[in-house]
Structure formats: structure tokens, C-alpha cells
Amino acid sequence: MPQFIPGTTLEYSERAGMFSTLLPLIRATDGLTLSQVCAITSLEPSTIQNWVKRKYVASPINKKYYERQLARILLISTLRDAMMIETIGELLSMVNGNANDEGDDIISEDALYDCFCEVITGGAGQILNFEEIPSLVKKAVENYNPPYEKAYDILTSALEIMAYAHTSAEYKKLANGKLAKMKEEY
């Protein structure tokens, strides 16, 4: 069964550095248009534009989306089944401040996305067990060099929250699937 880069319709074969799979697309086109981002993510243009308007995603530059914007869109897209958009925005702001200001980031958006992907794919195709999330987070950030003392704690807490939310959404899908099967059988 094919694996997909979280938040996209693109298949991947390696787990480490999933965002690097997208970099050639961004660089070859000098940024992605809204329609290209929509094709990658299966999101509606109005959804992405709303996220930009509400300042959850940095504004496109000359109508193009680059690494920073795409990584944030993928994070939000992956988490939106588990968390309210306002909560996701608040959590991402706690990690990287203002979406339009890279100067207040404690980690680049694409590195945050890669860490998140490393954690949620750490179950080797299985739904994560809640107890294993903290150790997967520690492994994902083992090479992280925090810009200040509290940055490591902020990042690991945020990644744990994101992983718990994502895992709960996976369990919810499993429960809904079992319920549908039960309805068919009984």
C-alpha cells in the first residue's frame, strides 16, 4: 500500500526529510501557484486563502508559495481532522510566532514539518501508541540546536501535542470504519 507525504496526495518512499521531496517542485517553478498547492494537498483554493487571510499561513510572495508557506499549509492540513483551526494556529504561533515573520521562528517551518512527519510515521505504518510519542519526539529533535533555552521545550511540547492530536484522529477514523463495518454486518 502506498505511503503519502502527510497533508498531500504525493507518495513517498523514504521517511527522513519528507519535505525534501517537495523542494525540487518549489525550486523548479520558483514557487508554487495556488492551483499547484491545491493539486498537491487536495485543498480548495478558498481554504488556503482563508488560512492566509487569518494569518495562519504566511502571505504568498508575488502569488507564489515557497517552502515556508507550503510546510505550514501541510501542517495545518494534516492536523485539521484532529484540532480546530484556531487551536492549530495558536500552537504554531507558540512555536514560530507570526507566520509572516521568520525572525521569531525557533525552527524553520519545513524542519518542523519534517520532525512532525518523523514522529507520526515512527510507528512503521501502524497507528502510534500514545506512550511511544515522547520517545519518538526526542528522536526527531535529537539534532535540533535551539536558538534559546526554552526553545527545545516549546518544540518538543508542540510536537507531542501535534502527534497526540494526529494519533487521536487516526483512532477516530479506525472507530468510524469499524462502526461502518458493524452496520453492514448487523
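How many nonpolar, polar and charged residues does the lining of the second largest pocket have? The lining has three nonpolar, four polar and six charged residues, where Ala, Val, Leu, Ile, Met, Phe, Trp, Tyr, Cys and Pro count as nonpolar, Asp, Glu, Lys and Arg as charged, and the others, Gly among them, as polar. The model is predicted: local features need pLDDT of at least 70, side-chain atom pairs count only at pLDDT 80 or more, and totals for chains, interfaces and linings use all residues. Residues are numbered from 1 along each chain as its sequence is written, and side-chain values use heavy atoms, without hydrogens and water.

**Overall fold**
- The chain comprises eight helices and two strands (DSSP runs, H or I of at least four residues and E of at least two, numbered from the N terminus).
- From the N terminus on, the order is β-β-α-α-α-α-α-α-α-α.

**Helix 4 and helix 6**
- Helix 4 (67-79) and helix 6 (109-120) each supply at least two residues of the pocket lining, and helix 4 gives the most, with three residues.
- The two helices pack at an angle of about 35°, with their axes 8 Å apart (axes are lines fitted to C-alpha atoms over the stretch in contact, and angles run from 0 to 180 degrees between N-to-C directions).
- Their contact (heavy atoms within 4.5 Å) involves residues including Arg-68, Leu-75 and Leu-79 of helix 4 and Glu-109, Tyr-113 and Phe-116 of helix 6.
- By class, this contact has eight nonpolar, one polar and four charged residues.

**Extent**
- The C-alpha atoms fill a box of roughly 55 × 40 × 30 Å, taken along the principal axes.
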